[in-house]
Amino acid sequence: MSSLPIADHALISDCHSAALVTRDGSVDWLCWPRFDSPSVFARILDDEGGHWSISTAGPAESTRRYLDRTMVLETTFTSETGTVCLIDALAVGPNERGHELGAGSPHALLRRVKGVSGEVEMETTFAPRSEYGLLSPLLSHIPEGLTVRAGADLFTLVSPVELETARAQGHARFNVKEGDDVVFCLHYAPTSEKLPPPWSREAIVQRLDQTITAWQTWSDLHQSYDGPWRELVHHSGRVLQALTFHPTGAIVAAPTTSLPEEIGGGRNWDYRYAWVRDASLTLQALWVAACPDEAQDFFDYMVRAAAAELQGGAELQIMFGIGGEHDLTERVLPHLSGWRDSGPVRVGNGAWNQRQLDVYGELLDAARRLAEPLKRFDEDTQRFLVSVADVAAARWKESDQGIWEIRGDPQPFLYSKLMCWVALDRAVDLAPRLNAEDRVAGWKSTREEIASAILQQGWSDRAGAFGQAFGSEELDASALMIPIVGFLPGDDPRVVSTIAAIAERLTDKRGLVFRYKSHDGLEGEEGTFLLCTFWLAQAQALAGQVDDARATFERAVAFITDVGLLAEEIDPTSGELLGNFPQAFSHIGLVNAAWAISQAERQVVPGA
């Protein structure tokens, strides 16, 4: 059973995949060659899932940080006898700069131990377990280290220290003195290719330096936000880039699977895919914290993945594989116990074929955001976006599973209706660029019909707020999107009342926001949701409640880890991070809320 806190892990990425490294120097999660590939190391989900540790042989204190403007991790170990630094990175291609970050990933994990002072005895254990821990590898010695064969995976491990091998793992102890520089490299290739030749020490050091420079160049080129919480916003932009699959532009919701929403519960899902829902919010965040070019790549991926869906009357799928795959059938891995015995461990995601009507609005909202820099859409994209609007107009009255992917009976969720309104509102605005002026009258008529239904059936006098679904008195944090998407102004009395109701009745003792409290068809409970807390801050800013917005924002960012990462949820009792990690939605929420607060503060400052 893996028991380390989720917050003890840090992310490294090559924009193809990602690894999680613990504060004591163990790589406990890595899938190769893609985010959604089977894992090589999965100790975060089970002690027998595989890992690669480099740490001190005796007691030591550790501190860690990302090197300036990068996603390259530095962990400093201080023992009674000395101090060493461990630098970890997933290598990017040589000479990558700016928009090319991640274009030529060699699928290599680089680890460098540098002696800072004194002398420290170090220890390394290399225990790869391919296919989510099912396969114990065949390890063979070579002059440079080891070769590894396991099912469909081939690896070359360059190790300057000789590893003793037993029970399908390698182990060694070695001393590092002040000025020493010890480098390791694990290089992957599929069995369809040859074993990758061992990199020389000089090549490993050069590639690590190139990776650091590539991240710094990307940050310098892309990041210009200069408002409140500047460093947090810039770092969140880098996290979103780290969760990007460069070959297609897809952004995974998180690089992990089955980290639970409740310790010991069964709400464990695979988030290594790209959701259409994320499109609009992601593009807003990238606009602030990164660059429109990354936003364009993400939108192009979404259009490519979804373009065939609406032909023949099919509904728009809500999520896709990072290569554009459609079938994400869910299955359980019974041999893995799960983080803190929170099984089952799942791969795939059973929500992929749910009906969720909000996706039409999110896709068209994303298109509207890209309209200015794009100037024009090609004919295929025009036809596709027109179909998106037409389907939203035709289906908005239907019930669905909603934004939170309820696994119970379909309902007339307010958020789904709201996003159908967004679909038609943005389509009307985009009509000249879609060559769809002939549809404007019909789109406007349906848009007004939806608006009337939301105002009449979505509002609850007893709740003093917009409800979770038509005719419902239950609160749902997604109602905070009403001012965010521009359906009503932030200072509308109904919006202000909804904000107050959620802040008072849908929060925990810390002031963090739950998604909802109604029954959702699943056993167990869940934690407070960081994205929803950032939504509250954003809505408060739009309502002119700037002091409240700042306070809400600060409550959420108080749970950022020592290396600036956020999970999906917070345990309402212990305050511990829960859910897949790091969570793109949480970092997206941070960026968008910071931007909204910065704009609200400019409006209240005379002459701003």
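Figure 1. Y188 is buried, at a relative accessible area of 8%. The model shown here and in the other views is predicted. A search of the whole structure gives 17 aromatic pairs. In one of them, the rings of W32 and Y188 have centres 5.8 Å apart. Their planes stand at 35°, so the pair is tilted. W32 sits in the loop between strand 3 (26-31) and strand 4 (39-41). Y188 belongs to strand 15 (residues 181-190). The pair therefore ties together parts that are 156 residues apart in sequence.

**Figure 2. The edge-to-face pair of F41 and F126.** The two rings lie 6.4 Å centre to centre. The angle between the planes is 75°, and the pair is edge-to-face. F41 is in strand 4, and F126 is in strand 9 (residues 108-127). This contact therefore ties together parts that are 85 residues apart in sequence. F41 has 0% relative accessibility and counts as buried. F126 also counts as buried, at 0% relative accessibility.

**Figure 3. A cluster of rings around the F41 and F126 pair.** Ring pairs join F41, W52, F126, F174 and F184 into a cluster. W52 has a charged neighbour as well: R111 lies over the face of the W52 ring. The distance from R111 to the ring centre of W52 is 5.0 Å.

**Figure 4. Lysine over a phenylalanine ring.** K417 lies over the face of F470. The distance to the ring centre is 6.0 Å.

**Figure 5. Packing of helix 7 against helix 8.** The crossing is left-handed. From helix 7, the contact takes in Q382, L385, V386, A389, A392 and A393. From helix 8, C420, A423, L424, A427, R433 and L434 meet them. The residues of this contact divide into 10 nonpolar, one polar and one charged. Which residue is the charged one? R433 in helix 8, because Arg counts as charged.

Terms used. Residues are numbered from 1 along each chain as its sequence is written. This is a predicted model: local features need pLDDT of at least 70, side-chain atom pairs count only at pLDDT 80 or more; totals for chains, interfaces and linings use all residues. Side-chain values use heavy atoms; hydrogens and water are left out. A crossing is left-handed if the near helix is turned anticlockwise from the far one by less than a right angle, and right-handed if clockwise. Helices (H or I, at least four residues) and strands (E, at least two) are DSSP runs, numbered from the N terminus. Contact means heavy atoms within 4.5 Å. Rings of Phe, Tyr and Trp (its six-membered ring) pair if their centres lie within 6.5 Å; planes under 30 degrees apart count as stacked, over 60 as edge-to-face and the rest as tilted. Buried means under 20% relative accessible area, exposed over 50%, partly exposed in between (1.4 Å probe, protein chains only). A charge sits over a ring if NZ of Lys or CZ of Arg is within 6 Å of the ring centre and within 35 degrees of the ring normal.
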